[in-house]
Amino acid sequence: MTVEQTHAVAEAETGIGRLWRGLRHVAASQYRIINSNGLGRIGAVIVLFFAVIAILAPLIAPHDPWESLRDSAGKIASMRPPSLDFPMGTTFLARDILSQMIWATQTTMLIGLVSGLISILLGANIGLYAGYYGGKVDEVLMRFTDIIYGMPFLPFIIVLIALFGRSKWFVMLAIVLIVWRTSARVVRAQTMALKQRQFVTAARARGCGDLRIIYRHIMPNIAPLLLLYTAFNIAWSVIAEAGASFLGFGDPDQLSWGGMLYEMWISGQSRTAWWWFSAPSIAIVLLVSALVFVSRAYEEVANPRLRQR
Amino acid sequence: MREYIARRIIYSLFTLFAVATILFVMFRMMPGDPTAQVISPALDEASQRRLKAAFGLDQPMWVQYFIYLKNLITLDWGRSFTSSERVFDILMYRLWNTLLLMVAGMFLTLAVGVNLGMIMGWKRGGKLDVGSTVTAMVFQSAPPFITGILLLIVLSYRLDLLPTGGMSSPGVRVTGVIGFIFTQDFLHHLVLPTITVTAYYLATPMLIMRDSMLEVLGSDFIEFAKAKGLAPRVVMVRHAARNALLAVVTVSSILLGFAIGGQVIVETVFSWPGMGLMMVESASSHDYPVAQASFMLLAAIVIISNLLADISYCYLDPRIKIGAQGT
């Protein structure tokens, strides 16, 4: 759909009908973008798979993830390799790894999604305003972005958690406060290029206000870029959460893949417990690569030159 | 150009100052008694009071802020809660260890990434191109602790080829820094952490190099060079790669900034006695003076590497004129 058509649709209708049509249009085009790219399709299926597990966690987890289990002979089932009773084995404290994995999926997906979405909201707005207004606004916002670029990411999370306590809310806050920076710079550059274009001049001549131009004329044109960075930001959030949890700065009341690896690491069982190491590791790699594959699909839309390659 | 560099340096100093300020605010916003961050709660009443006056904690907030800045600049970073050593002394030793590992990791990453990316772009769509892209993307998706532990399990625990961690074997005698760096024992310990860092960061410079090679290869001067009858190797290395390198330099700034996070994890996995490990240990044991100073030093490394990349970019691309807007 060209710019002109988008605008025609946007201006012709009003109210609920327009919102509904807009949503349907967005859903259909997302499906088309992801479906047209082989790796993107695989990525989307993996992400959906984890999302379903996260939602169904309370129903499908076979055991209480915190409970020390006993085998049929009544002995504590500590450090058992995968078997029929425990499909993914057990931990040092005889907890069922499969159940832990399922609950951890929920935590990881929640933290990834919430901080990914909030950070793109923040980054996109800062980038749009800086790029559109230019001058002093741009100067202030970009110097601020530079400051955030001076922050080492993981150490920032560590310091924040060490000061304020190990809670998933502070983990999310720390991630959001850093991750937006890349999207802000990219969106700014794109906005600066777009605002020179004629449709912006035309909109201004018609008497559109700044906010209307930013959100209704420029933003729809950088939508693929925003979706690309949404996927990236979620991936970065997942990696950051896993890293913080692995270093022992995760929420102690929440199971997460990084936290499971932390338990494995400090229990000193890494020499023997390959099953305890591989389950969370494979999950992290799968989810993050899936997100990267989805973002590559959007990248081809955002950057058409890549398509021929 | 001189003006551009001068401005970049001023921006960097400003950023450093702003990061220090944010850190100050964070430490003062911490729930509980603010004195607990600079004075060990293990000390007796009288010593605590004396230290409180020395740190100016009985004074208003803005005075405390200036004392904080003054201490930061004069390298008076207090004493560790756990070992009572001067924080500066602890961290200087650690800083070198971190830089050693960082430089080794970055060097290998850029060397492998640029060369592979160059060939991938030259032979677009070939086996090497597709294979390297997917491999690099998978390793990029694996946080360094996964790659690190995997390497440990395979190469150290099972095959017993390389040491599991640390910088030197117990009992190895060390004479002088330079002598130490080139000992076989040290290089032996350096292998796994360096590979781990490289595996994690390789994708970015490699793919950027590849994409930018593709872009350069489409331009007229490459056709011209080929038409002149130059050997393909010469066109690839001297003409295409040289121009494509520019994009890699630009992203390397972002890469170095991100590398710090990986550094912290790699140091923890391989018990490498650097700043990252220090940061993790001090933060978990609530040794605030050490945590604060480690964070500032890590931030300084990030800011300085961003600055260096900006400056090298400026040298490589003469199109950046005085007063041009850098991002």
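Chain A and chain B share 3 residue pairs in polar contact, with both residues of each pair at pLDDT 80 or more. A polar contact is a pair of N or O atoms within 3.5 Å; within protein, one atom must be able to donate a hydrogen and the other to accept it, and residues adjacent in sequence count only if both atoms are side-chain atoms. On chain A, the side that touches chain B draws at least two residues from each of α5 (135-149), α6 (153-164), α7 (168-194), α10 (223-246), α11 (257-266) and α12 (274-302). Helices are DSSP runs of H or I with at least four residues, strands are runs of E with at least two, and both are numbered from the N terminus. That side of chain A divides into 28 nonpolar, 6 polar and 10 charged residues. Here Ala, Val, Leu, Ile, Met, Phe, Trp, Tyr, Cys and Pro count as nonpolar, Asp, Glu, Lys and Arg as charged, and the others, Gly among them, as polar.

The model is predicted: local features need pLDDT of at least 70, side-chain atom pairs count only at pLDDT 80 or more, and totals for chains, interfaces and linings use all residues. Residues are numbered from 1 along each chain as its sequence is written, chains are lettered from A and ligands numbered from 1 in the order in which they are written, and side-chain values use heavy atoms, with hydrogens and water left out.

Back to the interface. In total, 44 residues of chain A are in contact (heavy atoms within 4.5 Å) with 55 residues of chain B. The two chains bury about 4,700 Å² between them, 75% of it on carbon and sulfur atoms. Buried area is the accessible area (1.4 Å probe) that two parts lose on being put together, summed over both. How many salt bridges cross between chain A and chain B? The rule finds 0. A salt bridge needs a side-chain nitrogen of Lys or Arg within 4 Å of a carboxyl oxygen of Asp or Glu.

Over all chains, the count comes to 7 salt bridges. Side chains of opposite charge can pair when their charged atoms come close. A:Arg188 and A:Asp138 pair at 2.6 Å, N to O. This pair links α7 to α5 of chain A, 50 residues apart.

A:Asp146 and A:Arg185 form another salt bridge, at 2.8 Å. A:Asp146 sits in α5 and A:Arg185 in α7 of chain A, 39 residues apart. These two are buried as well. They also belong to a network of salt bridges with A:Glu139 and A:Arg143.

Now chain B. It has 13 helices and 0 strands. Of its 327 residues, 51% count as buried. Residues 24 or more positions apart account for 72% of its contacts with a separation of 6 or more. In chain B, the side chains of B:Arg86 and B:Asp89 meet in a salt bridge at 3.9 Å. B:Arg86 is partly exposed at 36% relative accessible area, and B:Asp89 is partly exposed at 40%.

B:Ser271 has a positive phi of about 40 degrees although it is not a glycine. B:Ser271 lies in the loop between α11 (232-269) and α12 (275-284) of chain B. B:His286 also has a positive phi, near 55 degrees. B:His286 is in the loop between α12 and α13 (288-316) of chain B.

Note on methods
Buried means under 20% relative accessible area, exposed over 50%, partly exposed in between (1.4 Å probe, protein chains only).
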